[in-house]
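Here's a quick briefing on the aromatic side chains. Have a look at the model first, then read on.

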Amino acid sequence: MKHQRRCQKINHGFYSFGIHKKISESALEKDNVKLSSSRFPVVFKIGHAHGGLGKVKVDTNTDFQDMASVVAVAGGYCTTEPYIDSKYDIHVQKIGPNYKAFMRKSISGNWKTNTGSAMLEQIQMTDRYKLWVDEVSELFGGLDICALEIIVAKDGREFIIEVNDSALTLMGDSQEEDRRHITELVAHRMQAQCRPAMIKTASRTSVSSQGGVASPIEERSMPALPGVSSDVTGGTPQQPRRDSQGISKRRYSLQPQRAIH
């Protein structure tokens, strides 16, 4: 509501709606709960389905009760929202600092503009749409990637009916460009979050070496191997001599030994 008031304060308008109804079988049988709507038609949205799945338009109270009983035995949940007789819908996406908006208009006559045949066109990214997607990003803790689904009614009013995070659908001919933006954004985030500790360690080692202070690696002395002396200057260790001077000399007597009887 805070973000909605902020948008209305600057005369940009911010329409949203939707009543969440948790329907259970026990509630319908034991408590005899009768659910209804103040006006018809309404749209049932069942579960986490997308792409037009799980959406049912209900025109009468009797159909509403039938749908409530179906949801109750399905063990899931549903939301209901007023049906908007729309001209088209708008998809607004934010990928880092890149913003795009697309208009989608059904040409198959289906009330679901995201199903069947539709005409897709990239439109200008207005300040109003940018404000809305930035407010939604801030509302959920600062999302780098998010998208809005907006329905434009025949009277010109705009309704935000859905918010998506990184699971947004890429549209139009710029999908490869959007994928590249996502890749660059993820790589930039990984460098910012994963590399600082490595850079600081490398910097400390470099500064120590330049200042004449032995680095932790240089301070460690390797154990001496038998017969191998290491060069104190850090050069190549001396190899054992293999000539006659490197072998201990032994003297043997050439005089014949006398036998002792």
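**Aromatic contacts at a glance**

There are four aromatic pairs in this structure. Rings of Phe, Tyr and Trp (its six-membered ring) pair if their centres lie within 6.5 Å, with planes under 30 degrees apart called stacked, over 60 edge-to-face and the rest tilted. This is a predicted model, where local features need pLDDT of at least 70, side-chain atom pairs count only at pLDDT 80 or more, and totals for chains, interfaces and linings use all residues. Residues are numbered from 1 along each chain as its sequence is written, and side-chain values use heavy atoms, leaving out hydrogens and water.

**Phe44 and its partners**
- Phe44 and Phe64 meet edge-to-face, because their ring centres are 5.0 Å apart and their planes sit at 65 degrees.
- That pair bridges distant parts of the chain, 20 residues apart: Phe44 is in strand β3 (residues 42-46) and Phe64 in helix α3 (residues 61-74). Helices (H or I, at least four residues) and strands (E, at least two) are DSSP runs, numbered from the N terminus.
- Phe44 is buried at 0% relative accessibility, and Phe64 is buried at 1%. Buried means under 20% relative accessible area, exposed over 50%, and partly exposed in between (1.4 Å probe, protein chains only).

**Charges over rings**
- Lys57 lies over the face of Tyr83, 4.5 Å from the ring centre. The cut-off is NZ of Lys or CZ of Arg within 6 Å of the ring centre and within 35 degrees of the ring normal.
- Arg128 puts its charged end over the ring of Trp132, 6.0 Å from the centre.
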